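Hi,

Here is the structure I said I would send over. Have a look at it first, and my notes on the salt bridges follow below.

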Amino acid sequence: MTTAVMAPLYERDLQLGRNFVKSYNDYYDGLNLFLVFSDEAEVHKFNCQYNYQYFVCTEKLDVSKKPISQKKLFGVREIFKTTDFSDVMVVDIDGLPCANVDLNECANYNINRKKIYASPSTNHSIINKVGRDCASRFFSPQDVQKLEKITKGFTLYFWFNDIPIYERKHFLPFLEYINYSKTMDRLLYTTFDYIIYVFYLLIKDEIELEEIDHTVVSDQGSFIETQALQDPTRFDAFFQMAKPMWIKEPINEDSMKRVWMRLHVNR
């Protein structure tokens, strides 16, 4: 196994975490699953009897900022520092594993195509906070200008259109590029770790952003998040073409051959 799976945990979500770990162990051996806790007290309270590994975040966490992104970046860095995994899928604990697929094959497929699928959004917060403000916090004006063009004014939103994957070969250069040891304090709840990482890959021309066509544009999130609003035939066609690894509600089984997780089950 060359692909790890990681999720951050918080005391309020420990039961969700137990459900996630149990479900993951139903389909996999759990040896590539990592959790990130805020402190040792959370570890003891978690007390889950299924297979998983964990890290305790040793960085100062500002709870007022809901430091989910900080814990995710910490966890990915620790996995690359202490293991031989070549890439990490980062998920949220409100999802639920639902199938066994070849995670290595899935990761390699997504990495090798060097493409991220984005859908238009009219959500003010997504455009101006998750997009523009996030870019301005971590990148130069020249980089922000490039991102503005690529994302059509930060209206193209890609988070949640597939499971985020971090590659070992890009991750440390990414942290160095944004001078993360000095800019970590700029993280907010709306500065999503994966958004920053993909922005870096776009700036470096390591990937391209492809807009999903014929979508129902809304202010409620990404294409996959707004499954209930989308045309079912178009939604099915996207899954056959792009082969995402998670979904909100099941569709035709032939279109979900790489789906191993349901998104936002516990929201």
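One thing to keep in mind as you read: this is a predicted model. I'll start with the pair K146 and D205, whose side chains form a salt bridge with an N to O distance of 3.0 Å. It connects distant parts of the chain, 59 residues apart: K146 sits in helix α6 (residues 141-150), while D205 is in the loop between α9 (193-203) and β9 (208-211). As for accessibility, K146 is partly exposed at 29%, and D205 counts as exposed at 58%.

Next come K152 and E211, whose side chains also meet in a salt bridge (2.7 Å, N to O). K152 is exposed, at a relative accessible area of 51%, because the cut-off for exposed is over 50%. E211, on the other hand, is partly exposed at 33%.

Then there is E11 with K45, a side-chain salt bridge at 2.6 Å, N to O. E11 lies in the loop between β1 (3-8) and α1 (14-27) and K45 in helix α2 (residues 40-46), so the bridge ties together parts that are 34 residues apart in sequence. Both ends are partly exposed: E11 has a relative accessible area of 45%, and K45 has 44%.

Cheers

Terms used: Residues numbered from 1 in each chain as written. Predicted model: local features only at pLDDT ≥ 70, side-chain atom pairs only at ≥ 80, totals over all residues. Heavy atoms only, no water. Salt bridge = Lys/Arg side-chain N within 4 Å of Asp/Glu carboxyl O. Helix = DSSP H or I, 4+ residues; strand = E, 2+ residues; numbered from the N terminus. Buried < 20%, exposed > 50% of the residue type's maximum accessible area, 1.4 Å probe, protein only.
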